[in-house]
Amino acid sequence: DRPLQVLFSTPPPAAVVATREGVVEGRIENGLYRYLAIPYVAPPLGNLRWRAPQAPLPRASVLRAVTRGASCAQNAVGEGIAQSDLGMRSEDCLQLNISAPPSSPAGGLPVMVWIHGGGLTQGSAVETRLSDGRLVYDNAVLADDGVVAVSINYRLGPLGFLAMREFAGEATDHPTAGNYGLLDQITALQWVRDNIAAFGGDPRRVTIFGESAGGRSVCALMASPMASGLFHRAIIQSGACPVSLPQLDASTTTQASAFSQGDRVVQNAGCASSADRKACMRSIGWQTLIDVTQPSIGIGRVGENFGHIDDDFALPVAPGVALASGSAAPVPLIVGINADEMTTLLGPALQPATPAAYEALLRQQVGAITDQVLALYPVSNYATPTLAYADLADDIGFACPARAFSLKHANAGQPVYRYVYTHVFAQAAALGAFHGAEIGFVFGPGASFNAAQIELSQRVQRYWTRFATTGNPNGGTDVVWPLRTATRDVALELDVVARGNISDYRKLYCDFWSRYIVF
């Protein structure tokens, strides 16, 4: 019988969006909207282990996406130089993180989707630096340049890339086996296509980028017909586009068969004599599975190597073959390598301590051409025999493949931009421009960066985000980044010192190796 009065009113949180699965609430940090641990598929647990990704269930309540999720199942400490904390590890890890500016123009901002590296056996979108607790892949620094930045987790090691004959054709949505981690990446891109507009992104301008195994995954996505149309530009940082892959084969005697590895793992896991091998394998705890396989990046180290396979489904041909034939995604591409990739990657067996050990290793590996290789990489030119071998391995594993597959994509009529990262940190001078060093500039600057390093980080981010916006990294007053063409192999040098562009990087060495290796 009297007018009602409002006692108090709480406006809706600003960082709230509606996705197809339900409402998501993030947080505002330093003027950016941030969302952590948004599930893009159903957790791959129980009978969903070694299944193609399944759609996430709709949510009836608001998802508070404000704390980082779990890293995918892996060993707590990985190989290589990473100084990071994985946090909680779990099979329930298929989530993504988004950073976005508070407003976007009509049609939305360009979108960048990061795929982390780690040999397809380790790493995470949510690993943090031991030094300061910051995310290693802090996509907010890219969002600050006017893009919607996404980072994803995907299944790793035996849970992501083991192919077992018992699981082939188990479900109609996956007629083969293996490549589960690649299917996760494809599904994440589908989620981005369907939902990113709600975060201010343009689903018609999606750039995928990744380093090492993440770069390898980018090339696999370029070759996969299942990923067609889900992205529009690509950046491969220290990644590979191999011309051959292990294939699925019913024969247990085929050494190149992906199934042969599956047979070995089933045997080592104690499930070979089980009446129901699938149930047995799915009942094993993930840590036991990791212990049984000891996933490895595979460069002179023990353990099982896991990776993409030619499954005639997600990957009907090897990525290098798709690039050569012109059937790969017709998108602008950035391809880059670091000058000293192998200094942190070589296992103990590939670190010769003496000139005699270096020669013996070469005679074991290259046989009849050892003398030619010794003349091309004389140990006297290097501080240690290990650095001589690392230089050789750099060319075979990174420099020459990048030279070859960038040419293939340019020959297909696509814009290609090459870079060579050469910056050396004073505190790690012996390692040179090591594998992964450029990540600190893409997602930097680091807390210890000096003024010149901060400027390089900002410049790299400008190149990357301009490329995501237009397909061309050039603009402003930055050094012009020329196209790599079918007739001109030119690369931008990334360092704090401007030395100009590099022409025909490692041509002499790659011409030699191309007589013996198909890149």
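Which residues form one aromatic cluster? They are Tyr-417, Tyr-419, Tyr-463, Trp-464, Phe-467 and Trp-481. The model shown here is predicted. Its protein has 14 helices and 18 strands. The radius of gyration is 23 Å, close to the 24 Å that the globule rule gives for 519 residues, so the protein is as compact as a globular protein of that length.

**Overall build**
- The C-alpha trace spans about 100 × 65 × 45 Å along its principal axes.
- Of the 519 residues, 56% are buried.
- Take the contacts with a separation of 6 or more: 73% of them join residues 24 or more positions apart.
- The accessible surface comes to about 20,900 Å², and carbon and sulfur atoms hold 55% of it.

**Aromatic pairs**
- A search of the whole structure finds 23 aromatic pairs.
- One of them is Trp-114 with Tyr-137, a tilted pair with 5.2 Å centre to centre and 45° between the planes.
- Trp-114 sits in strand β10 and Tyr-137 in the loop between β11 and α1, so this pair ties together parts that are 23 residues apart in sequence.
- Trp-114 is buried, at 1% relative accessible area, and Tyr-137 is buried at 7%.
- Phe-512 and Trp-513 have ring centres 5.0 Å apart and planes at 75°, so their pair is edge-to-face.
- Phe-512 counts as buried at 7% relative accessibility, and Trp-513 counts as buried at 2%.

**A surface patch**
- Val-16, Val-23 and Val-62 make a nonpolar surface patch of about 190 Å².
- Val-23 belongs to strand β2, residues 22–25.
- Val-23 has 32% relative accessibility, so it counts as partly exposed.

Key. Residues are numbered from 1 along each chain as its sequence is written. This is a predicted model: local features need pLDDT of at least 70, side-chain atom pairs count only at pLDDT 80 or more; totals for chains, interfaces and linings use all residues. Side-chain values use heavy atoms; hydrogens and water are left out. Patches are made of residues with over 30% relative accessible area and no salt bridge: like charges are joined within 9 Å, nonpolar side chains (Val, Leu, Ile, Met, Phe, Trp, Tyr) within 5 Å. Accessible areas come from the Shrake-Rupley method with a 1.4 Å probe; for residues, only the protein chains shown count as cover. A salt bridge is a side-chain nitrogen of Lys or Arg within 4 Å of a carboxyl oxygen of Asp or Glu. Helices (H or I, at least four residues) and strands (E, at least two) are DSSP runs, numbered from the N terminus. Buried means under 20% relative accessible area, exposed over 50%, partly exposed in between (1.4 Å probe, protein chains only). The radius of gyration is taken over C-alpha atoms; the globule rule is 2.2 Å times the number of residues to the power 0.38. Contact means heavy atoms within 4.5 Å. Rings of Phe, Tyr and Trp (its six-membered ring) pair if their centres lie within 6.5 Å; planes under 30 degrees apart count as stacked, over 60 as edge-to-face and the rest as tilted.
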